[in-house]
Amino acid sequence: MTDTPIERIRNFSIIAHIDHGKSTLADRLIQVTGALSAREMTSQVLDSMELEKERGITIKAQTVRLSYTAKDGLTYELNLMDTPGHVDFAYEVSRSLAACEGSLLVVDASQGVEAQTLANVYQAIDANHEIVPILNKIDLPAAEPERVKQQIEDVIGLDTSDAVEISAKTGLNIEGVLEALVTRLPAPKGNANAPLKALLVDSWYDQYLGVVILVRIKDGRLKRGQKIRMMSTGAVHAVEQVGVFTPKMLPMDDLGPGEIGFITAAIKTVADCNVGDTITDDRTPAAEALPGFKPSIPVVWCGLYPIDADDFEKLRDSLAKLRLNDASFHYEPETSAALGFGFRCGFLGLLHLEIIQERLSREFDLDLIATAPSVVYHVFKTNGEMQELHNPVDMPDGSVIDHIEEPWIKATIMVPDDYLGSVLSLCTERRGQQVDLTYVGNRAMVVYRIPLNEIVFDFYDRLKSVSRGYASFDYTLDGYAESDLVRISILVNGDLVDALSFIAHRAAAETRGRQICGRLKDLIPKQLFKIAIQAAIGSRVVARETISALSKDVTAKCYGGDITRKRKLLEKQKEGKKRMRQFGKVEIPQSAFLAALKMDA
Ligand SMILES: Nc1nc2c(ncn2[C@@H]2O[C@H](COP(=O)(O)OP(=O)(O)OP(=O)(O)O)[C@@H](O)[C@H]2O)c(=O)[nH]1
C-alpha cells in the first residue's frame, strides 16, 4: 500500500438502529471497493474473514481500510470504524467517533428514526461529525423515503436534501455512498512532525498476537520498534507490529496523522490499555494528552455463584479469561451464606451483564446463579465519609447514614401513539420524571429521568410487553440524586438470607418485601417444623409468611420396587442435596433463590 496524502483520507463510522442495515452496508462497501481495486483481493478478504469465523475469533470493533478511486480520478483511503451498537458502551462509542471526522447515518426507509438512531446521532453531533443521511432498504415496497427524510429533518434537524437512497441488500447506489464520503466528509488534520499523539480507540486479546490495540494517529508517526508511553498510566512498551485491517491484518512500517490502524507491543492484558488514553513517544512525549479520557466505571453489580460449588475454580478461571479481553468488566471474590463462594461482578450496564452471563454459560459451560443486579449507591455517613455501595449487604447501619444518593438515567423512548398511555404509566410507576414529550408522525418520543435502580430488574421486558414490542429504548447516565432508600432484608427462621437483600425506595419497599415472602412461601418445601419467612427494614418486620410443618414422613413412600430404581432415586437425591442451602435448620433449594430473584412486578 502506498502512502496516501492526508487530504485523501476519510475516516467514518456508520450509525444505525439495530437491524437497519449497518453490517450489510459495511459488507457492501468492502465488497465494492475491493472489487474495484483488485479482483484477487476480494477473495482474499473474504477468505480471511471466513478463517476468523472458523477459528472462532471474535470479530471485534475494528476498522477496515478501503481504497476507492472516485469520480474525480483520485484514489482515496477510506477508514470505516465499527462502533459497538449498544448504549452500555457509550463511552467506547464516543472514542470511536472521536477517531473519525464523519458518520453515515443509516435509517431503514420502511421504519424511520428509532431511539437508538437518536442516541447515536447526538453523540456524532457532539463529536462534530459531518453526518450523511443514508436511507436504506428502498427496495422494500413499504419504504417511504420521503416521509423518513422529513422525519430526520424534524427530529434530528439534519438537512436531507442530499440524503443518499440505497439498498444495501441489492447493492443499489453503493457508489453514491462512496462519493458522498469523498465529497462531503472533511479530511483529517494533523502534524506529522509534532510529537506523537495517538488515540487508543479499542483493544482486544488475540490468542496468537496478545493484546492488539486500535489507534487513530492525531499527530506524529507511530513506527515499529518505537518506545511508546500510555499517558494515563505512564507505562512504556516497545511497538512490535504496526498495520492496518483490509480487513485482514496487513503489516505496515508506520502510521501517520489521520490514519487508523493497529499496533502490538507485548502487552499482557487489555486492562493496561485504557480506551480513550493517549499514546505518545516515550523519548519526546506530547505536552498534553488528547481530551476526553475517562476510566471505565462499572454501574451495575451483581453476585455470580456457581450452582455446583465444585465449579468455583472454573468460574474464577473463566472470569479471568473474560477480563483479559474486556477491561470494563470487574470482579472480586465474595462469600454468601446463601450461595457459598462466588464473585461480585461489575458491568457497564444491563446488556453488558447479559453478555457476560451468556458467555459464561455458553463458552465456559458454567451453571450460575446471579443475585439481583444492584446499582452503585453513594452512602453519605454522618461522619462526612462517602461509601460506594456495590452490594446491599454492605449497607452501614441506619444510625450512621446521613443520606443516600442513587444514579439516574435519562431515557429516550419512542413508541407508536396507541401504546403511549401504558408506557407513560410504566415510567411513572418506576419513579420517572417526564422531561419531554414530542410527536414524530404517529410516534411519540418521550424523554424521562428514571432512577437506574428501577430499570435494572425488568424494565426492558415490561416496556416490550406493554408496547407489544414496538417501543424502542435508549438511555444515558444522568448523575446522582438523593433519595429515600432503604435496605430490605429477608429472614428465614430469623437467619438473614444475604443473597436476597435488596435496596429499594421506601414507598415500594414493603410491597416488594411482601412479594418476595409470598414467593418464597411457595418455593421452600415444607420441613418437619414451622418456617417463618420475614422481610425487614432495619429491625422492623414489614412482611411475614409461615410455612406449616410436614404432618408425616412422606419419604417413606418412596421405597420399594426394584433396586435400579432405588439407586436412581438415591442419585437424584444426592444431586438435590448439592443444590440445597442450609439456613439454620432450614434447607432451601437453589431453585427457590433463582425464582425469588426474578422479581417481576
Ligand atoms: N430488503 C432489504 N433488507 C435489508 C437491506 N439492508 C439490510 N437488510 C436486511 O436487514 C436485516 C438487518 O441487517 P443488518 O445489516 O444485519 O443490520 P444491522 O444494523 O447491522 O443490525 P445489527 O448487526 O443487528 O446491529 C438483515 O436481514 C438484512 O438482510 C436492504 O437494503 N433491503
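1. **What you are looking at.** This is a predicted model, in which local features need pLDDT of at least 70 and side-chain atom pairs count only at pLDDT 80 or more, while totals for chains, interfaces and linings use all residues. Residues are numbered from 1 along each chain as its sequence is written.

2. **The chain overall.** Of the 601 residues, 43% count as buried. Buried is used for 20 or more other C-beta atoms within 10 Å of a residue's own, exposed for 12 or fewer, and partly exposed for what lies in between, with C-beta atoms placed from the backbone. Among contacts with a separation of 6 or more, 69% are between residues 24 or more positions apart. A contact here is two residues whose C-beta atoms, placed from the backbone, lie within 7 Å.

3. **Domains.** The chain splits into domain 1 (6-184), domain 2 (197-281), domain 3 (300-371), domain 4 (377-483) and domain 5 (487-597). Those bounds come from an automatic or database domain assignment.

4. Two strands count as paired if DSSP finds at least two bridges between them. Strand 1 (residues 9-16) and strand 4 (residues 102-108) run parallel and are joined by five bridges, and Ile14 sits opposite Leu104 in strand 4.

5. **Around the ligand.** Which residues come nearest to the ligand? Of the 16 around it, they are Gly21, Lys22, Ser23, Thr24 and Lys169. Being near means having a C-beta atom, placed from the backbone, within 6 Å of the molecule or strand. Helix 1 (residues 22-37) gives the most to this shell, namely three residues. By class, the shell has four nonpolar, seven polar and five charged residues. The nonpolar class is Ala, Val, Leu, Ile, Met, Phe, Trp, Tyr, Cys and Pro, the charged one Asp, Glu, Lys and Arg, and the others, Gly among them, are polar.

6. **Two loop residues worth a look.** Asp19 has a positive phi of about 75 degrees although it is not a glycine. Asp19 is placed in the loop between strand 1 and helix 1, and is partly exposed, with 13 other C-beta atoms within 10 Å. Asn128, not a glycine either, has a positive phi of about 60 degrees. Asn128 belongs to the loop between helix 4 (115-126) and strand 5. Why does Asn128 count as exposed? Because there are 11 other C-beta atoms within 10 Å.

7. A second open sheet, with antiparallel pairing, has eight strands in the order 11-10-16-7-8-15-12-13. Strand 11 (236-238) and strand 13 (249-251) are its edge strands, each pairing on one side only. From one strand to the next, the twist averages 40 degrees.

8. **Pairs within it.** Strand 16 (residues 278-281) pairs antiparallel with strand 7 (residues 197-206) over two bridges, with Ala198 opposite Ile279. Strand 10 (residues 227-230) also pairs antiparallel with strand 16, over three bridges, and here Ile228 faces Asp281. Three bridges join strand 12 (residues 241-245) to strand 13 in the antiparallel sense, and Phe245 has Met249 as its bridge partner.

9. **Where domains 4 and 5 touch.** Seven residues of domain 4 are in contact with seven of domain 5. On the domain 4 side, four are nonpolar, two polar and one charged.

10. **One last residue.** Asp394 is in the loop between strand 23 (386-389) and strand 24 (401-416). With 14 C-beta neighbours inside 10 Å, Asp394 is partly exposed. Asp394 and Asp498 are 104 residues apart along the chain, and their C-alpha atoms are separated by 10.0 Å.

Conventions: Helix = DSSP H or I, 4+ residues; strand = E, 2+ residues; numbered from the N terminus. Axes fitted to C-alpha atoms, helices over the stretch in contact; angles between N-to-C directions.
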